[in-house]
Amino acid sequence: MGKVVFDVQYQTTVAFLISYYFYFTGLSAGSFMISTLSYGFGMEKFKPASKMGVIAAVLLLLLAPQFLLMQVGWPIKSVWNHFVYLNPLSAMSYGAFLLILYPINSIIYGIFMFKGNLKMTKIFGLIGIPMALAVHGYTGWILALGVARDYWNTGLMPIIFLFSAMVSGISMMILLIMIRDRFFTKEKVINGDLIDSLAKILGWLLVVDLFLVFCDFSVLLYSKLEAQEVAHFMLFGKMSFWFVIVENLVGKVIPMVIVMIPGMRKSYFWLILAALMNMAGILAMRIVTVYGGQALPLM
Amino acid sequence: MSNPHKTENSDLPRFGMVIDIDRCIGCHTCEIACKIENDVPLGIWRSWVKEIEKGKYPNVIRAFRPTLCNHCENPICVKVCPVNAAWQREDGIVMVDPHLCVGCRYCMSACPYEVRYLHPTKGMVDKCDFCSVRVDAGLKPSCVEACPTSARIFGDLNDAKSEVAKLVATKPVSTLKPDIGTAPRVYYIGLDIATMEIKREVKLLWEK
């Protein structure tokens, strides 16, 4: 309508470090899910993945909050204040508890698993599942409750975050299990059945994930001005390379096609490629969501 | 949305501001006064004047929108702050507690008016607080004091005799983004739509 002569731009300061934090908690939640499939739900064929899964979950969850601490202005004060001056209406408040309780639970679960105490492993595994869902779902809530940003402010955001966490976690588990079986076992043979089952799960989760993204964008494109604008920004604007090509085509569609075709899924070359592409795509998704969601000026 | 005038019968003051854009000449004095008073570093502003050039020669105008924290009746930033560092005084001024703020910047991305900034050296979020120190001492905020055309009027909205209350009661005032339900306490007279619109680059789905 007019030409802007002077205006002050919003500082887009919440960006890459938070994206990495979301990415690593997602990987952690995804690998924890895989590790509970056998001990928690009795799916025996996933047993060889369990110990790997719990180690990855704990290590990644010890790594993830470091990005959070680097992001905030006052790292030590933030840990203290999150407990002492808790605001129960803020989604972020619950993160501090989850980020402490979930690794502790995972460590206990892992110790029982390594000691072979099946009953206690099952109990702590089942306690851990809602925690893993919460520790990643709450990150979606943090964004969803940023009321001003139309890209974030949707009820789908926590679910999209959960599904992207699970797909990236499974991709990472596929790679880790291949490396372990190939290089760190006596037989040096990759467990084909396990990898194949994981790849099938990955395929179906990717279908759901793409469907959720489609739902989100179909609503955004039909919504009010700011929502349409951010959808155009993602699909055709500056973010389109990262959103359309890297996140959705490379990160989701191509891996989905690869793992859906049995011939390609059985080939380790294609499967490794699919897993790597998916992990890169989900990292792009975190950056696109966090940075792209607040890149457009509101006023 | 709560009643925007719910504090009308209260005994406490409810500070607010009326900005008469018909009087604004776009001199940016309020910006500078605010920077000096609050020691705001380079590159960031607590209050600024957005300037828009619109129309086609010879029918042109520069439209101004002095921007500051709206001191909402229902502030989103206070809700989302995980450590209660964003808080609202009983007289309605929305504050940032420097002892509690940890610099997580959640409030910055949740604020619909984008008036919060990250202080580059303190590592905390900061924003306009209606010069609360001056207000407590019985003075006006420095931007109000500095405005050469008295475009900014500050006072107690609950006091029916104050100038702001009279203006809000008798003039056609508007607030920014009333649809979000934050009930801002910074009112504008003669606000131009061009200064509120974001730059549109998309063709809407229902656009011809």
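Start at the contact between the chains: select the 41 residues of chain A and the 44 residues of chain B that take part in it, where two residues are in contact if their C-beta atoms, placed from the backbone, lie within 7 Å. This is a predicted model, in which local features need pLDDT of at least 70, side-chain atom pairs count only at pLDDT 80 or more, and totals for chains, interfaces and linings use all residues. To find your way, residues are numbered from 1 along each chain as its sequence is written, while chains are lettered from A and ligands numbered from 1 in the order in which they are written.

Stay on the chain A side. The elements that give two or more residues to the side touching chain B are β1 (2-6), α3 (75-84), α4 (91-115) and α8 (225-235) of chain A; helices (H or I, at least four residues) and strands (E, at least two) are DSSP runs, numbered from the N terminus. The largest share, five residues, comes from β1(A). Colour this side by class and you will find 22 nonpolar, 14 polar and five charged residues. Here Ala, Val, Leu, Ile, Met, Phe, Trp, Tyr, Cys and Pro count as nonpolar, Asp, Glu, Lys and Arg as charged, and the others, Gly among them, as polar.

Next, select α1 (residues 16-39) and α11 (residues 268-293) of chain A, whose axes come within 9 Å and cross at roughly 135 degrees. That angle makes α1(A) oblique to α11(A): angles under 35 degrees count as roughly parallel, over 145 as roughly antiparallel, 65 to 115 as roughly perpendicular and the rest as oblique. The axes are lines fitted to C-alpha atoms, for helices over the stretch in contact, and angles run from 0 to 180 degrees between N-to-C directions. The crossing of α1(A) and α11(A) is right-handed; a crossing is left-handed if the near helix is turned anticlockwise from the far one by less than a right angle, and right-handed if clockwise.

Show the side chains here. From α1(A) come A:Phe16, A:Ile18, A:Ser19, A:Phe22, A:Tyr23 and A:Gly26, and they meet A:Ile282, A:Leu283, A:Arg286, A:Ile287, A:Val290 and A:Tyr291 of α11(A). The residues of this contact divide into nine nonpolar, two polar and one charged.

Now move to α2 (residues 47-71) and α6 (residues 157-183) of chain A, with axes that come within 10 Å and cross at roughly 120 degrees. α2(A) passes α6(A) in a right-handed crossing. Pick A:Ala49, A:Met52, A:Gly53 and A:Ala56 on α2(A), then A:Met172, A:Met173, A:Leu176, A:Ile177 and A:Arg180 on α6(A), to see the contact. By class, the contact has seven nonpolar, one polar and one charged residues.

**Two buried stops in chain A**

While you are on α6(A), click A:Ile174, which is found in this helix. A:Ile174 is buried, with 28 other C-beta atoms within 10 Å; the cut-offs are 20 or more for buried, 12 or fewer for exposed, and partly exposed in between, with C-beta atoms placed from the backbone. Leaving aside neighbours within four places in sequence, A:Ile174 is in contact with A:Ile195, A:Leu198, A:Ala199, A:Leu271 and A:Ala275.

Then go to A:Leu220 in helix α7 (residues 192-220) of chain A. A:Leu220 counts as buried, with 21 C-beta neighbours inside 10 Å. Beyond four places in sequence, A:Leu220 is in contact with A:Ala227, A:Gln228, A:Val230 and A:Ala231.

**Over to chain B**

Select α1 (residues 29-38) of chain B, where the buried residues are B:Cys30, B:Glu31 and B:Cys34. Look down the axis of α1(B): these buried residues fall within an arc of 105 degrees, so they line one face of the helix. The arc is that of the directions from the helix axis to the C-beta atoms. Their packing partners are β2 (48-56), β3 (59-67), α5 (142-146) and β8 (152-156) of chain B. Just after α1(B), B:Asp39 takes a positive phi of about 55 degrees.

Finish in the loops. Between β2 and β3 of chain B sits B:Pro58, joined to B:Tyr57 by a cis peptide bond with omega of about 5 degrees. In the loop between β3 and α2 (76-80) of chain B lies B:His71, with a positive phi near 45 degrees. B:His71 counts as buried, with 27 C-beta neighbours inside 10 Å. Your last stop is B:Asn84, in the loop between α2 and β4 (86-88) of chain B, where phi is near 60 degrees. B:Asn84 counts as partly exposed, with 19 C-beta neighbours inside 10 Å.
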